[in-house]
Amino acid sequence: MKSIRIGTRNSALALWQAREVARHLQNNNYLTEIVPIVSSGDKNLNQPLYSLGITGVFTRDLDVALLNDEIDIAVHSLKDVPTKLPENLEIIAYLERDFPQDVLIRKESAKTKEFHELKLATSSLRRRAFWLKNYPNAEFSDIRGNIQTRLQKLEDGDFDATILSLAGIKRMKMEIDYEMLPFLIPAPSQGVISVAGHSEKTDINEILSSINHKPTQICVEMERNFLNTLEGGCTAPIGAFAEIFGDQIRFKAGLCSLDGKNCILTDESFVYNEEENFGKKFAKIVLENGGKELMAEIKSQI
């Protein structure tokens, strides 16, 4: 069989993720080739992007490359992937989750400050909302870019700390001090590398199934079903995290208002069975307990 063409964004972290998928495939004796996709440009599609449902700002270029047969599979950080994929595309495999947590990183001058005193740099509505729930007088600055860019902005900017995904720090082998934030529920499917494929490439998809980590798949599909049922996009202040303990699953999730004053939280432990859509079930409970009104309020403010 010819090499499996692995599509990826061009950032250092995205390339690391693609190499990790390649390693898993090579361990099963498959040849691989990494194909960085830089930008959309002019793609020869018979249909406009919006009619195909291509919405993810971080996944759009790879979706188009998959549909145009420029690559065989696409590697994504799963939390960037919309819950509804374009026609003929699907998530085929999930690597084992490593680090789902968010962590706090301070600049040196803020090492002795209490949490409630920190001026935070984050553009994530979820991180802001859950922080405000605990520290309602917090001040924020916007910050964007890759990990290295954000850390440089932290050094140069007029704020004390930022919040980053622990997975990125660990994968880049960065030697920096960080603090855990147990009150911050992760984004749905945070810390998971996923592989998307074309539904018609059954031979490739069968190969991908050999590297799929089923326990991770069970957890993240639950989290993404919760997100999808709440009708929250990747930017809404929604957290969800499922974890397997023997035959039990613990599911922690929450929806917060933008100012953090109104948070609807759920924390459930239960025996898993594959017939029941637990993510949808718990999202409906949240919606019935004020979540519907809260989602409408959030959408009107964003």
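**View 1. Six aromatic residues, Phe 226, Phe 251, Phe 270, Tyr 272, Phe 278 and Phe 282, form one aromatic cluster.** This is a predicted model, in which local features need pLDDT of at least 70 and side-chain atom pairs count only at pLDDT 80 or more, while totals for chains, interfaces and linings use all residues. Residues are numbered from 1 along each chain as its sequence is written, and side-chain values use heavy atoms, with hydrogens and water left out. Rings of Phe, Tyr and Trp (its six-membered ring) pair if their centres lie within 6.5 Å, with planes under 30 degrees apart counted as stacked, over 60 as edge-to-face and the rest as tilted; by this rule there are 11 aromatic pairs.

**View 2. Phe 115 and Tyr 135 form an edge-to-face aromatic pair.** Phe 115 belongs to the loop between β5 (102-106) and β6 (119-121), and Tyr 135 to the loop between α3 (125-134) and β7 (139-141), so the pair ties together parts that are 20 residues apart in sequence. Helices (H or I, at least four residues) and strands (E, at least two) are DSSP runs, numbered from the N terminus. Phe 115, at 18% relative accessibility, counts as buried (under 20% relative accessible area, with exposed over 50% and partly exposed in between, for a 1.4 Å probe and protein chains only).

**View 3. The rings of Phe 226 and Phe 251 are edge-to-face, because their centres lie 5.5 Å apart and their planes at 65°.** Phe 226 is in helix α7 and Phe 251 in strand β12, so this pair ties together parts that are 25 residues apart in sequence. Phe 226 counts as buried at 0% relative accessibility, and Phe 251 likewise counts as buried at 0%.

**View 4. The largest nonpolar core has 23 residues.** Such a core is a set of buried Ala, Val, Leu, Ile, Met, Phe, Trp, Tyr and Cys residues joined through side-chain atoms within 4.5 Å. Among the residues with the most contacts inside this core are Met 222, Phe 226, Leu 230 and Phe 251. Two or more residues come from each of α7 (214-229), β11 (238-245), β12 (248-256), β13 (263-271) and α8 (278-301), and α8 gives the most, with seven.

**View 5. Leu 230 touches Ile 238, Leu 255, Ala 283, Val 286, Leu 287 and Met 295.** This list leaves out residues up to four places away in sequence, and contact means heavy atoms within 4.5 Å. A second, separate core has 18 residues, including Leu 104, Leu 120, Ala 161 and Ile 185.
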